[in-house]
Amino acid sequence: VQLVESGGGLVHPGGSLRLSCAASGSIFRINAMGWYRQAPGKQRELVATITSGGSTDYADSVKGRFTISRDNGKNTLYLQMNSLKPEDTAVYYCMTAGQLISGMAYESWGQGTQVTVSS
């Protein structure tokens, strides 16, 4: 399963960005999808997750500012980020987990997209 991320970049504090992650390959079903981030010198952390049924979960640090969503027909994951802060600066990774056409379970990660929040 290949994941292609897009939408990162440089934004001023208080600005917005929308990340996208398109999954392709021999996918039968995608169950969980999520966004993670890793800032320099820090461990990778969970940002938000969404189930196939649309249930969402967010890190406390992004609640009320970020919105995760998915388009099941397009196997695409989104992250709308508003009111961005300098501490949101990180490489953002998407993750999907589910079942391949072969019946095997899989978990796949994107290559990462840089988000920099700076004045």
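Author: What follows is a short tour by question and answer, and the model is a predicted one.

Reader: Let's start with disulfides. How many are there in the whole structure?

Author: A search of the whole structure gives one. The disulfide joins C21 to C94, with an S to S distance of 2.0 Å.

Reader: Where do C21 and C94 sit in the chain?

Author: C21 is in strand β3 and C94 is in strand β9. They are 73 residues apart, so the pair links distant parts of the chain.

Reader: Which hand does the link of C21 and C94 have?

Author: The link is right-handed, with 50° about the S-S bond.

Reader: And is C21 buried or exposed?

Author: C21 counts as buried, because its relative accessibility is 0%. C94 is buried as well, also with a relative accessible area of 0%.

Reader: Change of topic. How many residues are in the largest nonpolar core?

Author: The largest nonpolar core has 30 residues. Those with the most contacts inside it are W35, L79, M81 and Y92.

Reader: Which strands supply at least two residues of this core?

Author: The strands that each supply at least two are β3 (17-24), β4, β5 (45-50), β7 (66-71), β8 (76-81), β9 (90-100) and β11 (113-117). As a general point, nonpolar side chains in soluble globular proteins tend to be buried together.

Reader: Take M81. What is M81 in contact with, leaving aside its neighbours within four places in sequence?

Author: With those neighbours left aside, M81 is in contact with G15, S16, L17, L19, R65, F66, Y92 and V115.

Reader: Now the rings. How many aromatic pairs are there?

Author: The count comes to one aromatic pair. The partners are Y36 and W109, with ring centres 4.9 Å apart. Their planes are at 55°, so the pair is tilted.

Reader: Why tilted and not edge-to-face?

Author: Edge-to-face needs planes over 60 degrees apart and stacked needs them under 30, so a pair at 55° counts as tilted.

Reader: Which strands are Y36 and W109 in?

Author: Y36 is in strand β4 (residues 27-38) and W109 is in strand β10 (residues 105-109). The two residues are 73 residues apart, and their pair links distant parts of the chain.

Reader: Y36, buried or exposed?

Author: Y36 is buried, with a relative accessible area of 19%. The cut-off for buried is under 20%, so Y36 falls within it. W109 is partly exposed, with a relative accessible area of 33%.

Reader: What lies over the face of W109?

Author: R44 lies over that face, at 4.9 Å from the ring centre of W109. R44 also lies over the face of Y93, at 3.8 Å from the ring centre.

Reader: Another arginine, then. Where does R37 lie, and is it buried or exposed?

Author: R37 lies in strand β4. R37 counts as buried, because its relative accessibility is 6%.

Reader: Which side chains make a polar contact with the side chain of R37?

Author: The side chain of E45 makes one, at 2.7 Å. The side chain of S61 makes another, at 3.4 Å. Leaving aside neighbours within four places in sequence, the residues in contact with R37 include Q43, R44, V47, F66, E87, D88 and Y92.

Reader: What about L46? Where is its place?

Author: L46 is in strand β5. L46 counts as partly exposed, at 33% relative accessibility. Sequence neighbours within four places aside, L46 is in contact with W35, Y36 and A59. The C-alpha atoms of L46 and A59 are separated by 6.5 Å, and these residues are 13 residues apart along the chain.

Reader: Last topic, the backbone. Which residue other than glycine has a positive phi?

Author: S83 is one of them, with phi near 50°. S83 is in the loop between β8 and β9, and is partly exposed, with a relative accessible area of 40%. N75 also has a positive phi, of about 50°, although it is not a glycine. The place of N75 is in the loop between β7 and β8.

Reader: Why point that out?

Author: Because most residues other than glycine have a negative phi.

Note on methods: Residues are numbered from 1 along each chain as its sequence is written. This is a predicted model: local features need pLDDT of at least 70, side-chain atom pairs count only at pLDDT 80 or more; totals for chains, interfaces and linings use all residues. Side-chain values use heavy atoms; hydrogens and water are left out. Rings of Phe, Tyr and Trp (its six-membered ring) pair if their centres lie within 6.5 Å; planes under 30 degrees apart count as stacked, over 60 as edge-to-face and the rest as tilted. Helices (H or I, at least four residues) and strands (E, at least two) are DSSP runs, numbered from the N terminus. Buried means under 20% relative accessible area, exposed over 50%, partly exposed in between (1.4 Å probe, protein chains only). A charge sits over a ring if NZ of Lys or CZ of Arg is within 6 Å of the ring centre and within 35 degrees of the ring normal. A nonpolar core is a set of buried Ala, Val, Leu, Ile, Met, Phe, Trp, Tyr and Cys residues joined through side-chain atoms within 4.5 Å. Contact means heavy atoms within 4.5 Å. A polar contact is a pair of N or O atoms within 3.5 Å; within protein, one must be able to donate a hydrogen and the other to accept it, and residues adjacent in sequence count only if both atoms are side-chain atoms. A disulfide is a pair of cysteine sulfur atoms within 2.5 Å.
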